[in-house]
Amino acid sequence: MSARPPNPSGPLKVAYLVTRGDDIGGVQVHVRDLAAAMRAAGHAATVICGPPGIFTEELAERGIPFRCLPHLVRPVDPLRDPMALVELRGALRELQPDLIAMHSCKTRMLGCLAARATRSATVSTVHGWLLADGVPMGKRRFYGFCERQAARLTTAIVTVSHYDKELAVRHRIVAPERVTVVHNGMPDEAPRRDHDQSAGPVRLLMVGRHSPQKDHETLFRALALLRDKSWTLDLLGTGPDEPRHQALAREYGLIDRVHFLGYRKDVSTLMATADIYVLISNWEGLPLSIIEAMRAGLATVCSDVGGCRELVVEGDTGCLAKRGDAAAVARHLGMLIDSPDQRRRLGKTARLRFEQDFTFAAMFDRTVSVYHGVLTGRQVPSRQ
């Protein structure tokens, strides 16, 4: 069925699909900011998600309209997924969007099927395929099959990193000419860092859900090797693995120096008072939290997974460690803990790199270009 022709000169009507409304992570932040910017630019943008919670509260605070589908859940659910599809079709028939922007594997599957009800074009933004090393093999095979089926029904695919484009091509998810790379970007609204980096314990910060994607255990193993140094660690985020991670912090003798702060709305303020940003993961797409750290002028130590090396330049803006390599993480952190001058140098370069390549304005302009390209039949080339 061909897409319903839009008015190319008028405002766009976009429906954003994301699975969870009761949690917030990088995908939700991306969708929230994108929908707000679309509305500010005169377009119509509505978010469709699962049951309400933290994410929908933030949408409401910003005046972004949203629809909650009671049966839309993140895991594959043979009983609830068909009902979620019916709910999604109903919402799309009412909204009649020109374009459906899908932001998870589940919404890609459901969105492509539901789009037939409104003849809307579809754009799938991939924030990291579940095909990467670090994802359990059974999960990789299952989601690989699902993604191949969804790709056949999707008008256009956007990946947030060149790594993810290459991964999709290697696994034969989609042909390279159908993929556009648009790096993530963040608004430049962070408080400036003005504290004395040489005073008191060095403040480490990590933002991430307590879930299998993040590798808190490797971070704790690294920090256990640095007990003789002066540091503290703030962990931001919630998730099912938080109790296990708290137990691990006790096991490694770190519980007095590791602070589990849960979900926080003042991430940018906490970034401004940190000294080093840390993101130790099993897999990633293109982490927004690293871009936030670059924006705040922080040196970063992260796992060399996904698109992280497209953000962090080794020895220039931060340090990369092989996945699961606690000794390398400890070596990089130890060097930065001991050297305020090195932290300042890397942080200054990171800030310049953010200004040049990872602003929200640049990401927004390219995303809107993709939308217009899809609706007018033009292909938007990837930025190298």
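**Working chat on the model**

A: The model is a predicted one. R172 has a relative accessibility of 73% and therefore counts as exposed, the threshold being over 50%.

Q: Where does R172 sit?
A: R172 lies in the loop that runs between α6 (162-170) and β7 (179-181).

Q: What about Q96, is its phi positive or negative?
A: Q96 is not a glycine, yet it has a positive phi of about 50°. Its place is in the loop between α3 (80-95) and β4 (99-102).

Q: Is Q96 exposed, partly exposed or buried?
A: Q96 counts as partly exposed, because its relative accessibility of 30% falls between the limits of 20% and 50%.

Q: Changing topic, which strand holds M206?
A: M206 belongs to strand β8, which covers residues 202-207.

Q: Why does M206 count as buried?
A: The relative accessible area of M206 is 1%, and buried means under 20%, so M206 is buried.

Q: Which residues is M206 in contact with, leaving aside its neighbours within four places in sequence?
A: The contacts of M206 include K214, H216 and L219, then L233, D234, L235 and L236, and also Y277, V278, L279 and I280.

Q: How far is M206 from S369?
A: From C-alpha to C-alpha they are 33 Å apart, and 163 residues separate them in sequence.

Q: What does L219 touch, not counting residues up to four places away?
A: L219 touches M206, L233, L235, V278, I280, V329 and L333.

Q: How many residues are in the largest nonpolar core?
A: That core has 93 residues. Those with the most contacts inside it are Y16, L219, F220, L333 and Y371.

Q: Which helix gives the most to this core?
A: Helix α13, residues 360-376, gives the most, with eight residues. Another core lies apart from the largest one; it has 17 residues, among them L17, L72, L85 and C112.

Q: Why would nonpolar side chains be found together?
A: In soluble globular proteins, nonpolar side chains tend to be buried together.

Q: Now the whole protein: how many helices and strands are there?
A: The secondary structure comes to 13 helices and 13 strands.

Q: What does the radius of gyration say?
A: The protein has a radius of gyration of 21 Å, which agrees with the value near 21 Å for a compact globule of 384 residues. The C-alpha atoms fill a box of roughly 65 × 40 × 40 Å along the principal axes.

Q: What share of the residues is buried?
A: Of the 384 residues, 57% count as buried. The protein exposes about 15,900 Å², of which carbon and sulfur atoms supply 53%.

Q: And how far apart are the mean positions of the positive and negative charges?
A: The mean positions of the 51 positive and 42 negative charges are 6 Å apart.

Terms used: Residues numbered from 1 in each chain as written. Predicted model: local features only at pLDDT ≥ 70, side-chain atom pairs only at ≥ 80, totals over all residues. Heavy atoms only, no water. Helix = DSSP H or I, 4+ residues; strand = E, 2+ residues; numbered from the N terminus. Rg over C-alpha atoms; globule rule 2.2 N^0.38 Å. Buried < 20%, exposed > 50% of the residue type's maximum accessible area, 1.4 Å probe, protein only. Areas by Shrake-Rupley, 256 points an atom, 1.4 Å probe, with all protein chains shown as cover. Lys, Arg positive; Asp, Glu negative; His and termini not counted. Charge placed at Lys NZ, Arg CZ, Asp CG, Glu CD. Contact = heavy atoms within 4.5 Å. Core = buried A, V, L, I, M, F, W, Y, C linked by side-chain atoms within 4.5 Å.
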